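Dear colleague,

I am handing over a structure that is new to you, and below it I set out what was found. Please read the notes with the sequence and the model side by side.

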Amino acid sequence: IFAVINTLFSSNSASNGNGGSISITGRYSFDKAKMPLVSVSDTVFNNNSAKQNGGAMHIKGYQSSTYHYNINTSFYSLSFTNNSAGLQGGGIYMFDAKTDGTSLTFSANYAGTKGGGMYLKSGHDTSSYLRNCKFVQNHAPEGGYAMTIDSLKLTLAQSIVQANYGSPTDAFSKVGGAISVLNLKSMVIAK
């Protein structure tokens with residue numbers, strides 16, 4: 001278990017890599033029950049940056065040509081403000097991570113390509129659930145101004161997605177607005 005409780009991450013930088021404040025990569029385990037749990041609650045991420053993915057946080061499960069294992073994540077009452085990533089996921093970038101998130105706020109984050117606030121991707125069948133979240137004034141020039149969802153199942157409930165924006169530079173980059181869904185598995189937006 002990796003747990004963070006009631007912490008401030010401010011002005012941290014991954015100048016050559018991923019995750020300006022936190023970067024976690026899973027490893028292979030014969031026992032799926034031993035895959036790590038990442039729990040973060042009552043925490044603030046301000047003004048963090050990464051040269052690549054995940055301005056504040058980067059979480060990646062284990063994958064090889066034959067195995068995929070998710071990292072399970074539990075997020076509660078988090079704030080991501082003014083974080084930036086050179087590529088994807090201005091606030092958070094997650095690949096092969098099953099997410100259960102409640103009361104997350106993404107405000108004024110920037111990604112150099114997609115997923116201004118959050119970028120969620122899966123190499124196999126992964127389901128995530130976000131409730132009572134706010135995505136406000138995040139920016140990504142190639143779409144998914146608030147978030148990009150790639151190849152996973154997501155339920156977004158009782159949330160606000162408002163005033164997120166982009167600046168498309170070519171026809172290909174005009175993919176999605178506030179939410180960009182690539183390789184759709186399933187997405188439910190509920191009140």
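Q158 is placed in the loop between β19 (153-157) and β20 (160-162), and its phi is positive, about 50°, although Q158 is not a glycine. Most residues other than glycine have a negative phi. A second residue of this kind is A108, whose phi is near 60°, again a positive value in a residue other than glycine. A108 is found in the loop between β13 (97-107) and β14, and with a relative accessible area of 28% it is partly exposed.

A word on how to read these values. This is a predicted model, in which local features need pLDDT of at least 70 and side-chain atom pairs count only at pLDDT 80 or more, while totals for chains, interfaces and linings use all residues. Residues are numbered from 1 along each chain as its sequence is written, and side-chain values use heavy atoms, with hydrogens and water left out.

As for the chain as a whole, its secondary structure comes to 0 helices and 22 strands; helices (H or I, at least four residues) and strands (E, at least two) are DSSP runs, numbered from the N terminus. Of the 191 residues of the protein chain, 46% count as buried. Among contacts (heavy atoms within 4.5 Å) between residues at least 6 apart in sequence, 84% join residues at least 24 apart. The protein chain exposes about 8,700 Å², of which carbon and sulfur atoms supply 49%, the areas coming from the Shrake-Rupley method with a 1.4 Å probe.

Strand β11 (residues 84-85) runs parallel to β14 and is joined to it by 2 bridges, with A85 standing opposite A111 in β14.

Turning to the aromatic rings, a search of the whole structure finds 5 aromatic pairs; rings of Phe, Tyr and Trp (its six-membered ring) pair if their centres lie within 6.5 Å, and planes under 30 degrees apart count as stacked, over 60 as edge-to-face and the rest as tilted. Y93 and Y119 form a stacked pair, 5.4 Å centre to centre and with 15° between the planes. Y93 lies in strand β12 (residues 92-95) and Y119 in strand β15 (residues 118-121), so the pair ties together parts that are 26 residues apart in sequence, and both Y93 and Y119 are buried. The rings of F106 and F135 are also stacked, because their centres are 4.8 Å apart and their planes are at 5°. This pair links distant parts of the chain, F106 in strand β13 and F135 in strand β17 (residues 134-136), 29 residues apart. F106 is buried at a relative accessible area of 0%, and F135 counts as buried at 0% relative accessibility. One aromatic cluster is formed by F9, F45, F80, F106 and F135.

Finally, K60 lies over the face of F95, at 5.8 Å from the ring centre; a charge sits over a ring if NZ of Lys or CZ of Arg is within 6 Å of the ring centre and within 35 degrees of the ring normal.

Technical notes: Two strands pair if DSSP finds at least two bridges between them. Buried means under 20% relative accessible area, exposed over 50%, partly exposed in between (1.4 Å probe, protein chains only).
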